[in-house]
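Open the model in your viewer and keep the selection tool at hand. We will go from stop to stop, and at each one you will hear what to select and what is there.

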2 protein chains.
Amino acid sequence: MFDNKESRTSLSELGEFGLIDHLTKFFDIKQTSTKIGIGDDAAVLNFENDEVVITTDMLVEGVHFDLSFMPLKHLGYKAIMVNLSDVYAMNAEATQVTVSIAASNRFPVEALEELYAGILLASKTYNIDVVGGDTTSSTSGLVISITAIGRAKKEAITTRSGAKPNDLLVVTGDLGAAYMGLQVLEREKQVFKVNPNSQPDLEPYTYIVERQLKPEARKDIPGLLKALEVQPTSMIDISDGLSSEIIHLCKNSKVGANLFEEKIPLDPAVISVCEEFNIDSTTVSLSGGEDYELLFTIDQKDFEKIKANPNLTVIGHMTEEHEGMHLITRANQKIPIQSRGWNSFTDAKDEE
Amino acid sequence: MFDNKESRTSLSELGEFGLIDHLTKFFDIKQTSTKIGIGDDAAVLNFENDEVVITTDMLVEGVHFDLSFMPLKHLGYKAIMVNLSDVYAMNAEATQVTVSIAASNRFPVEALEELYAGILLASKTYNIDVVGGDTTSSTSGLVISITAIGRAKKEAITTRSGAKPNDLLVVTGDLGAAYMGLQVLEREKQVFKVNPNSQPDLEPYTYIVERQLKPEARKDIPGLLKALEVQPTSMIDISDGLSSEIIHLCKNSKVGANLFEEKIPLDPAVISVCEEFNIDSTTVSLSGGEDYELLFTIDQKDFEKIKANPNLTVIGHMTEEHEGMHLITRANQKIPIQSRGWNSFTDAKDEE
């Protein structure tokens with residue numbers, strides 16, 4: 001896929017150290033907690049007495065992304081978002097990342113430059129420092145492993161396990177768009193296979209395609225909740241779909257939940273594309289995944305503080321554990337919520 | 001390679017969450033700095049006012065390891081060592097790791113259990129907590145990405161850039177064994193290809209093979225230096241070979257160095273195997289790599305404190321930058337030290 005590029009420098013020309021220097025030369029240090037960044041055996045950080053949160057995620061070509069429609073710059077950006085989202089889900093501020101990449105010789109240096117351009121853009125936009133990493137060859141494909149680090153006051157840290165019965169269940173933004181964006185991209189890929197001269201018109205799908213290709217993590221939410229003086233009782237990010245994340249919150253907090261179908265926030269574009277694809281929009285929001293919104297619970301006394309905020313939607317409430325987890329449909333039916341979390345060992349994308 | 005095993009559970013049977021739970025169930029929390037371990041969106045740590053060091057390394061099948069002679073348990077152990085070594089090279093204590101693994105469906109659950117058994121053994125032996133990670137599928141081969149975290153007082157942190165002219169250059173342990181162990185293993189692999197019934201007699205090579213397959217990181221050195229009241233002026237770990245690491249220290253510290261060939265510590269087993277393979281033992285220690293010893297510089301006034309220690313060998317001294325970096329041979333010749341750092345993009349092991 002990179003054969004048409006005029007400039008094509010093989011990875012081995014630069015060598016491992018030259019490549020790391022080359023790719024990371026535009027990264028600078030912005031966080032006061034970063035004492036030493038890239039270039040020694042390890043980075044050195046200092047968080048004074050704050051809690052340090054740390055999370056890691058690995059993205060594998062052919063499993064988590066498809067380079068036939070995912071531009072490398074977007075991929076670099078998204079790889080950072082996936083990890084920052086986990087930091088924000090602890091109600092913490094993201095401060096640093098490390099980035100390790102294994103790439104086969106199929107990728108010229110220019111391709112990795114594109115990937116790092118996305119990582120650089122994400123690090124500037126989200127005010128995080130890239131403090132380390134590793135760049136190595138692989139025998140096939142591209143693997144990206146990122147570790148994200150953040151900080152928070154001890155009292156702000158929010159886990160999955162603090163929800164209480166009667167707490168309100170709140171979600172940020174809207175759901176299902178990333179999944180429907182993927183459906184559109186996969187359809188266009190099939191069309192392109194049949195007719196390589198076809199020019200896809202993605203204009204009507206701008207929002208949902210962008211949610212798939214360039215998701216944004218909810219950096220704003222920990223600060224917003226602090227400003228609203230709301231300490232969530234539990235929190236998780238929505239990477240695998242709403243139903244899977246509700247189950248995690250309930251199991252970790254030992255509570256049940258009622259989720260109201262009519263409250264689930266959907267963008268009009270999602271509703272119309274679901275109609276076009278003849279897919280139920282509730283199913284998409286429950287099982288679609290990759291929205292990188294935050295799902296959290298608050299004490300009922302905090303409802304007044306959040307109710308006017310356009311970023312936040314109350315979609316249900318927690319119950320006693322023995323009551324179980326249910327979706328209350330628009331027709332007022334009570335349906336058990338079942339896990340359909342994404343499983344990379346069975347749900348991998350087609351290899352190409 | 002796992003087809004002969006009686007029990008063979010496919011990764012997809014357990015699913016992603018089931019697999020992580022299954023593999024990490026034996027990990028417990030030992031460090032007081034670990035507040036929350038595996039199981040939430042992120043781990044939560046607290047290092048009070050200490051500096052936090054963080055380092056990451058990725059190991060790729062067919063590039064960094066060869067499963068035809070590397071047992072998976074050893075591989076898990078070694079993957080941890082590679083990362084801890086970078087923490088110790090900052091003169092810090094290692095406290096936590098995260099472990100991300102991508103494995104193709106060629107690997108049954110039992111294979112990953114072996115890998116994690118090695119990780120568990122390393123975490124117990126080195127008193128570190130496994131606080132997070134990711135387990136995902138890959139389209140081919142095995143990729144292991146580890147991030148290690150450590151702590152140190154600010155005044156103890158030792159970088160690559162503090163060496164001064166006239167400082168003494170000191171190395172721990174002995175060099176070249178891991179590389180010669182690899183030569184023996186690769187020879188036996190070729191013999192096995194020709195005659196699959198041959199039983200290799202590795203007994204005479206126990207030490208060097210163990211240095212290759214089960215390296216140990218120098219956990220003891222930061223504590224030893226503290227006990228000796230020696231604050232090194234610069235430090236690095238020896239992963240790519242002595243010459244490459246000396247160059248790093250010199251370039252980062254803006255100094256030169258004289259290295260004395262006769263001082264380089266070699267185990268008798270290395271000397272005899274070098275004779276057997278007709279390889280120069282100095283070349284092996286300069287370029288061999290994977291020893292995971294520590295190389296550091298100290299002020300001359302500290303010489304008395306370290307000179308009697310069997311773990312530490314003074315192998316040279318730093319000079320003014322313009323004097324350059326030289327090996328002083330046994331014949332008193334002065335040869336420039338050149339980088340022959342390992343480059344994964346050109347030096348990858350054969351794919352099989």
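**First stop: the annotated pair**

Start by selecting A:Asp57, and show what it touches beyond residues up to four places away in sequence: A:Val82, A:Asn83, A:Asp86, A:Ile144, A:Ser145, A:Ile146 and B:Asp134. Contact here means heavy atoms within 4.5 Å. Before going on, two notes on what you see: this is a predicted model, in which local features need pLDDT of at least 70 and side-chain atom pairs count only at pLDDT 80 or more, while totals for chains, interfaces and linings use all residues. Residues are numbered from 1 along each chain as its sequence is written, chains are lettered from A and ligands numbered from 1 in the order in which they are written, and side-chain values use heavy atoms, with hydrogens and water left out.

A:Asp57 sits in strand β3 (residues 51–60) of chain A; helices (H or I, at least four residues) and strands (E, at least two) are DSSP runs, numbered from the N terminus. Its relative accessible area is 17%, so A:Asp57 is buried. The scale is this: buried means under 20% relative accessible area, exposed over 50%, and partly exposed in between (1.4 Å probe, protein chains only).

Now select A:Asp86, in helix α2 (residues 72–88) of chain A. With 8% relative accessibility, A:Asp86 is buried. Setting aside its neighbours within four places in sequence, its contacts are A:Thr55, A:Asp57, A:Asp237, B:Asp41 and B:Ala42.

**Second stop: two other residues in chain A**

Select A:Ser33, in the loop between α1 (11–24) and β1 (34–36) of chain A. Is this residue buried or exposed? A:Ser33 is buried, at a relative accessible area of 1%. Its contacts, leaving aside neighbours within four places in sequence, are A:Val44, A:Leu45, A:Asn46, A:Phe47, A:Thr95, A:Gln96 and A:Arg151.

Next comes A:Phe277, in helix α8 (residues 268–277) of chain A. A:Phe277 counts as partly exposed, at 22% relative accessibility. Not counting residues up to four places away in sequence, A:Phe277 touches A:Met180, A:Gln183, A:Val184 and A:Arg187.

**Third stop: backbone angles**

Most residues other than glycine have a negative phi. Select A:Glu290, where phi is near 65 degrees, a positive value in a residue other than glycine. A:Glu290 lies in the loop between α9 (281–287) and β10 (293–298) of chain A, and is buried, with a relative accessible area of 18%. Then jump to B:Asn166, whose phi is near 80 degrees, also positive in a residue other than glycine. B:Asn166 lies in the loop between β6 (142–152) and β7 (168–172) of chain B.

Select helices α4 (residues 177–194) and α5 (residues 206–213) of chain B, which pack at about 100 degrees with their axes 7 Å apart. Axes are lines fitted to C-alpha atoms, for helices over the stretch in contact, and angles run from 0 to 180 degrees between N-to-C directions. α4(B) is therefore roughly perpendicular to α5(B); angles under 35 degrees count as roughly parallel, over 145 as roughly antiparallel, 65 to 115 as roughly perpendicular and the rest as oblique.

Among the residues making this contact are B:Tyr179 and B:Met180 of α4(B) and B:Tyr207 and B:Ile208 of α5(B). Stay on α5(B) and colour its buried residues: B:Ile208, B:Val209, B:Arg211, B:Gln212 and B:Leu213. Their cover includes α2, α4, α8 (268–277) and β10 (293–298) of chain B.

To finish, select helices α2 (residues 72–88) and α3 (residues 109–125) of chain B, whose axes come within 7 Å and cross at roughly 40 degrees. α2(B) and α3(B) are therefore oblique to each other.
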